[in-house]
Each structure stands twice: as structure tokens, then as C-alpha cells.
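Dear colleague,

I am passing on the structure we spoke about, and below it you will find my notes on what came out of it. Please read them with the model open beside you.

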Amino acid sequence: MSREDIQSGLAEILEEVAGVAPADATPEKSFTEDLDVDSLSMVEIATAVEDKFGVAIPDDELGNIKTVGDAINYIEKNQ
Amino acid sequence: MTALQLTTGAPGARILGFGSYRPRRRVTNAELAERMDTNDEWIQSRVGIAERRWADDDETLVEMSVAAGGKALAASGLDAAEMDLVLLATTSPPTAIPGLAPRVAHQLGALRPGAFDLNAGCAGWCYALSAAADAIRAGTARNALVIGGEKLTQYTDLDDRATAVIFADGAGAAVLTASDTPQVGPAVWGSDGDLHTAIAIPDGEQHMSMAGQAVYRWATTRLTDTLVEAMRRAGVGPDDIDVFAPHQANLRIIEMMAKRLGLPERAVIARDIVRSGNTSSASVPLALSALLESGEAKSGDVALLLGYGAGLTFAGQVVVLP
């Protein structure tokens, strides 16, 4: 899957889980600082990512994912 | 090979009455915000708790359990002397020895009943309910008192914002009796012991800690199947559920489970966590008592229950409310 497809798929997840407008889900955005996504919503995002992309994000890796770009990179690398 | 004789029990068990005890002291989020770096908005958005009850020194686990048990007996119309099984589900006894159920039973006036404590974390009361219903079916008990009691504040660092905002105290109980009409469905119970450190008092420490994200992930992904199977085994479907009363751990988990189950519009969802916090094995009977007292739930309602927590453990079952 291309980076663009991953980004748009992730944007759909962010909208569904945390009500983030798809246009705001750009790579440089920090989940907690810019998008107001809390630690429990991060878990929901991880679960949805696994369902959508087949990429599991364990809890210890989840802590390293700070921005939308980090998430895209992780999914791209592990798909 | 010698074949032993067995007792013959009743076709099923049913619940006759509930009772609860809520500690006197109400602790609001505003009070906690004065003690530590937290605030009402943070607590409400993460866990959904507005206030909780913390027991004072004289509100011991035994006293709270006796109070809840006494009210359940009064609601049931049975006498303590008729109980031949008394179970106390708890994860927070003050000492390891002795178990508290015999003392609770004695203080209530029960006459030498089978009595033991059961520690299955926050799933404890649902485990105990199943054990009691199964004993009634097996004929080893005819009437049983099933209590869930917790004094979690004894094992909580009350200055730790990660846990102090969540955990609380209280007790809830139900009286069961033999019934020709089964009104306690088969439990679906299990455990994920690989996650034993997720909710624990770490070695050498005095207070509980919780890996919030790990538990949240487990609760939101691994337990829906348990609920579906509990309904299947009891011969009911989502449309038959009048009341959904899962362990009161986190309002977001409760709402997510309710949504995934596809419960009917009329179904009442227990949200006792908002005013009681997380009371571990007391949470399900406390929530059911509150719904029956307020009239939101009524006699004959079909209720889907789920306990889950430290262990990690889980147990779900369907019951008909008294």
C-alpha cells in the first residue's frame, strides 16, 4: 500500500475514533498536542490500524508514535 | 471402580434480592484536584468518574460486606440462618489469613455455612455468582449469599493521580435460591494469565499499579466475544437484554461494549461508575442495586453481566433480576 493510501486510511480512522477532520490529519501533526487524541484513543487507533492494515502496534511501540507521520512510517515499514 | 453417590440439586438458581453499602465519604474530582495534578475534565473524559466513595477507618471490609449482605437478605425475604453458602468476592482483604467470609457469615447470623473468599480481581463477583448457582444446581447448597466487597483505597496510593482518581470502596450482595425456573445463566469465564502484571501490586510495593493502555486494549478487543457467548449459552440474544451491567472500570469501555453488542434502544446501561468509581468486585452488584432502587431496572428484567480485571480474569453471564 502506498504512503498516500496509508495516510488517507489513517485519516479515516482518526475521524472515526477521535473526530479529527481528515484535512487536519497531516504527517507533522502531534496526536496529543495538535489533534487532542488521548492515550486511550491511541489504543483505539492502534486497534483500528490492525483491523484495517493488518499491522499490529504493541503497547511499547505505541508510546514511540507521537505524530501522524510516525504512524504512517510504522505502518509502511511493518505492512 | 467405586461409583459415589451424588446429591441432586435444583434445575436452576434465581436471585431473590440485592443489597449494597456505599461508604459515607463522597470524594469529588474537585477534591482530588486539590490534592494532586489532575482536574475534573481529565478524569471525566478518560474514565467517566464524577465522584467516588472512600471508606473511613471504621468502614472495614467486613463491616461493609455485612451491611450489604444484611440488606440483600432483607430484600430476599430469607433469614441468614437459611444460608448454607456465603461467598465473599474480594481482592483487597486487609490480611491474607483468615479469609473474611466465615466472619461475615457469623456476624449476619448464618449457621455454620460453607464460607470462603474468592479472589478473581474485578471479575470476582461474577465468578462467585456462578460458583453459587452451580452449587445450587449440584445440590451442595440450597440458598447462598454472594457478596462483592472492596476496600481498594487500602492498596491505592491516594496521591497517585493514575490510580487514586479511579479506585474506590463499597460492597454489594445478592441472595440466591434454588429454582425450578433457571434465572442465572451459565457463566462464560476465563483468564489471560500472560497479562498478570497489567493490574498488580508489584513485588515489594504496597500500592496497586495498572498498565492503563494494555488493560484498555484487552477490555475493548477481547471481551465482546465473552458477552456474545454468555447470551448464546443462556438462550437469549441482544434484543432480549433489558439491562447491561458490566464491571464499572471505565465509562468509555462500557459505552464501546454496549455499542458493539447492538443492544436494543430500551436497554438500560449501568453507568454507576460516574458516582461510585471503580469498586472492583463490588461494582456489578452495586450497579444493579442502584438500578433497581431507582426503578430504571425492574423485576423480571433480563440482565447481561460481565466482570473483568486483575489476573487478568473475566466472567460473563445472563441473569433475571428479582
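Chain B contains 10 helices and 14 strands, and please keep in mind throughout that this is a predicted model. The C-alpha atoms of chain B fill a box of roughly 60 × 45 × 45 Å along the principal axes.

Turning to the two chains together, 8 residues of chain A are in contact with 10 residues of chain B. On the chain A side, helix H2 (39-53) and helix H3 (59-62) each supply at least two of the residues that touch chain B, with the largest share, 5 residues, coming from H2(A).

On the chain B side, I would draw your attention to helix H6 (residues 212-222), whose buried residues are Gly212(B), Val215(B), Tyr216(B), Arg217(B) and Ala219(B). The buried residues of H6(B) pack against H2 and H3 of chain A, and also, within chain B, against strand E9 (199-200), strand E10 (209-210), helix H8 (251-261) and strand E13 (302-309).

With best wishes

Definitions and conventions
Residues numbered from 1 in each chain as written. Chains lettered and ligands numbered in written order. Predicted model: local features only at pLDDT ≥ 70, side-chain atom pairs only at ≥ 80, totals over all residues. Helix = DSSP H or I, 4+ residues; strand = E, 2+ residues; numbered from the N terminus. Contact = placed C-beta atoms within 7 Å. Buried ≥ 20, exposed ≤ 12 C-beta atoms within 10 Å, placed from the backbone.
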